[in-house]
Amino acid sequence: MAKFLTRERFGRPQVLAGFLLLAFLAQCGWLLARGTHPSEIDSSQLFRVIEGLQQWSRESVAGTPSVERLEAGTPTPPEIDHNDGYDPHHSPLWYLLASLPLLGWTGTAEAGSFHYWGWLARVPYLIFGVLLGASLWYVARRLYGNAGGYIALGLYCFSPVVLRSSTLYSTQPEMGAAWGAFGAIFTAIAVAHTLYAPREVVVWNWRRILLLGVSLALAIGCQFSLIILIPVALGFMLYLAPARRQAAVAIWAAACGVAFLLLWASYLFRPGLFWQGMRHASFFGITWQAFRMPATYVRILSQIGQCGPALLAAIPATLIAYFAWRRPRYFGNTAPLMIAALFLLFSLATPTYPGFGFQLMAVPFLFVFVAGIAADLLETPQHELVKACVWGLLLANALWNLAELSRVGRP
């Protein structure tokens, strides 16, 4: 225990990051108390929870055709009704996570008792929000030092989109997919960096293989369209380890095998049902006409502004620095920029669902990119000016967000 509780693991940076995450939790609590109305039934949330609870009791498999669904009389979303009773966007894992906090619920799952467990059903996404914030800080700090970690986490903890998604405030539950996508990309990068170690590569990386597999399963299970992470992860691993590509492919294949087993387990290891679920899944619901619609680009800009007004100023400034200055054009900055651009591109191509999910998943990568460029600028002779700008931007963003939160729930 003494070896684990070292100053390197639990020092001043970790304490400050912990306070920022506590501030994030306080804002989520305020939003839950003032902005949500658990007594008002949300049919989509009720459907998710009932489907998940029925699978936990092994009555049926969530998101697939079942007699229990008809007998319960729960309103079914139209996209499932029009897809032979299969959810085109989510695996049963999505429903199991939604209903997990209610496994010990002794009451009923009827609309009349919704006000007793409406907040409890939001707990998984609040936990995912905290875990994504902690992962974001860890990655940014490893890449850019303490300054980069604080900047990324400061932007994250006061982001309106992240707060709404973590509390299901007028949003779909996408935080699990966002955490899985973030973990999958940076775990793949971390695995690739260990391939030059003088050890038995595949065996030594079993923890990271397991983590990569779990991340892929969580992301794809919560949003089928995130299957794009599989080739992206392989591409990063092959690029970073050109001399160990066979080992990279072996680790990637093992992680994909873990993800496949977890997704199959969510279908209770029923091969026929799993095959039908995949056959009815919508992996790429791209609308090419969206690229010719100006309103689509206006929507993306508006959504970026909702991630935090600081991004409207920070993204143009950091992009100018990235393209005009040679120093920040290294892999640690380029990778998050590429992933954020990829997710925003898919958000443009899917103006309905799952467009918002892609936009949310781009947010932590944008925060990492901004933090990386800011950390590079802080090492220049103009660091005092840069520090003042960064502090001003972070404080203005936090104050604006707190002011908006204070208005929540007012008549």
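A crossing is called right-handed if the near helix is turned clockwise from the far one by less than a right angle, and left-handed if anticlockwise. By that convention the crossing of α12 and α17 is right-handed, where helices (H or I, at least four residues) are DSSP runs numbered from the N terminus. The model is predicted, with local features needing pLDDT of at least 70 and side-chain atom pairs counting only at pLDDT 80 or more, whereas totals for chains, interfaces and linings use all residues. Residues are numbered from 1 along each chain as its sequence is written, and side-chain values use heavy atoms, with hydrogens and water left out.

**Helix packing**

- The axes of helix α12 (residues 229–240) and α17 come within 13 Å and cross at roughly 160°, the axes being lines fitted to C-alpha atoms over the stretch in contact and the angles running from 0 to 180 degrees between N-to-C directions.
- That angle makes α12 roughly antiparallel to α17, since angles over 145 degrees count as roughly antiparallel, under 35 as roughly parallel, 65 to 115 as roughly perpendicular and the rest as oblique.
- Leu229, Val232, Phe236, Tyr239 and Leu240 of α12 meet Phe331, Ala335, Ile339, Leu342 and Phe343 of α17, contact meaning heavy atoms within 4.5 Å.
- By class, this contact of α12 with α17 has 10 nonpolar, no polar and no charged residues, with Ala, Val, Leu, Ile, Met, Phe, Trp, Tyr, Cys and Pro counted as nonpolar, Asp, Glu, Lys and Arg as charged, and the others, Gly among them, as polar.
- The axes of α12 and α13 come within 9 Å and cross at roughly 155°, which makes α12 roughly antiparallel to α13.
- α12 also passes α13 in a right-handed crossing, and the contact is formed by Ile230, Leu234, Met237 and Leu238 of α12 with Arg245, Ala248, Val249, Ile251, Trp252 and Cys256 of α13.
- The contact of α12 with α13 has nine nonpolar, no polar and one charged residues.
- Helix α15 (residues 294–306) and helix α16 (residues 309–324) pack at about 110° with their axes 5 Å apart, so α15 is roughly perpendicular to α16.
- Leu301, Ile304 and Gly305 of α15 touch Pro309, Leu311, Leu312 and Ile315 of α16, and this contact divides into six nonpolar, one polar and no charged residues.

**Pockets**

- On a 1 Å grid over the protein atoms alone, a pocket is an open set of points where a 1.4 Å probe fits, with protein on both sides within 12 Å along at least five of seven lines, and lining residues have an atom within 4 Å of a point.
- The largest pocket has a volume of about 1,500 Å³, a volume being the space filled by probe spheres set on the points, which are joined across faces, edges and corners.
- Of the 41 residues that line the largest pocket, Ser135, Tyr138, Val139, Arg142 and Leu211 are the closest to its centre, and the lining divides into 26 nonpolar, 10 polar and five charged residues.
- The second largest pocket has a volume of about 490 Å³, and of its 16 lining residues the closest to its centre are Leu20, Tyr150, Ile151, Trp391 and Leu394.
- The largest share of the lining of the second largest pocket, six residues, comes from α19, and that lining comprises 13 nonpolar, one polar and two charged residues.

Definitions and conventions:
Helices (H or I, at least four residues) and strands (E, at least two) are DSSP runs, numbered from the N terminus.
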